[in-house]
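Here are a few friendly notes to read alongside the model.

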Amino acid sequence: MRIYSLRAPGGRLVVALLAVLVIVCVRVGDAQTRFAYTKGQVVTPTYEGWWPNEDGSFTLFFGYFNTNWQEEFDVPIGADNAIEPGGPDHGQPTHFYPRRNPFLFTIRVPKEFETTTKELVWTLTTNGKMERAFATLKGDYRVDPQVIQMEVGGDRGSQRHELRTNKPPDLKVEGSAQRTVRVGEPVTLVAFANDPDNLPARRERGEEGPAGGRERGSSTAKPPEPVDPVKELFRPPPNAATPQSPPGLRLSWIVYRGRAAAVTFSPEQMKTWEDTRAYANSPWSPGTVIPPPPPDGKWIVRATFQEPGAYVLRAVASDSALFTYENVTVTVTR
């Protein structure tokens, strides 16, 4: 870029456009700057939307966005973590993982909600700052299964017509939903999960879905592209509004309530929050291939607790696009 200058009376050199260019460049830079924080930021509760039920009631969907990449929070039910009216406890989490955790829990409200209560408010305070989410039945917030699939980047962001009929995984946790163990004593968690319609079908990178004619097992299928670790590390982010998750049935346990730092899972669990960094043990991480499920559909995990207290562990079964939850409450004693 050429900068023209003017010489003012008296011999002084005046760069006429310099100040203007500096201001413009600073403003453009500010507009394009994106900051990533490991800690010190807040969690914002999110209202994801609603849909009607056959009996006339409505299901409201909630999640959250922790703007930190590392800092996690434990916020007990109370003034700092409340949903009102009718709360403060409406089944919301008390442990908050990093980044985006969408469609994490639901609240079912009666058909009179629109004319009586009209609004639920989730108030959440982290790092000294209060944030709120407002849940209503406004038409702009109505969702359906396909909207959910697109919001979570299911099937690598596919919008195939077949996904309109996708069904969430079946999930059953074996044993009691209430357990008691001692500190340091592992509790065995056995969960059975399957994908009732095998949709979207598990595929390797490079294998297209049915619309592309390269579905796994077809006569036109091509071998998957080998994964180059170096290329994956420096792969540019996808040109998509949401992170993309590869198809395939998976199951992970998370700490829904209680101090997650005091809980160890064996084997280590794949993340259920949208970690898009390379080699992050996350479905949204570049190059991730979902491992095949156990042949008998039986996942066995052991959880060990280092501190006494009440914990809620949640099994999350997902086909990348839709998901099913089941909770187990564990009381840990000394």
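1. Which residue lies over the face of Tyr325? Arg314 does, at 4.4 Å from the ring centre. The charged end of Arg314 also sits over the ring of Tyr256, 3.9 Å from its centre. (Such a contact needs CZ of Arg or NZ of Lys within 6 Å of the ring centre and within 35 degrees of the ring normal.)

2. A word on the basis: this is a predicted model, with local features needing pLDDT of at least 70 and side-chain atom pairs 80 or more, while totals for chains, interfaces and linings use all residues. Residues are numbered from 1 along each chain as its sequence is written, and side-chain values use heavy atoms, leaving out hydrogens and water.

3. The whole structure holds 12 aromatic pairs (Phe, Tyr or six-membered Trp ring centres within 6.5 Å; planes under 30 degrees apart are stacked, over 60 edge-to-face, the rest tilted). Trp51 and Phe61 pair edge-to-face, with 4.8 Å between centres and 75° between planes. Phe61 is buried at 7% relative accessible area, whereas Trp51 is partly exposed at 23% (buried is under 20%, exposed over 50%, partly exposed in between, with a 1.4 Å probe and protein chains only).

4. Ring pairs also join Tyr47, Phe62, Tyr64, Phe96, Phe105, Trp122 and Tyr141 into a cluster.

5. Do look at Arg202 too: it counts as buried, at 19% relative accessibility. A polar atom of the Arg202 side chain lies 2.6 Å from the backbone oxygen of Ile290.

Terms used: Polar contact = N/O pair within 3.5 Å; in protein donor to acceptor, adjacent residues only side chain to side chain.
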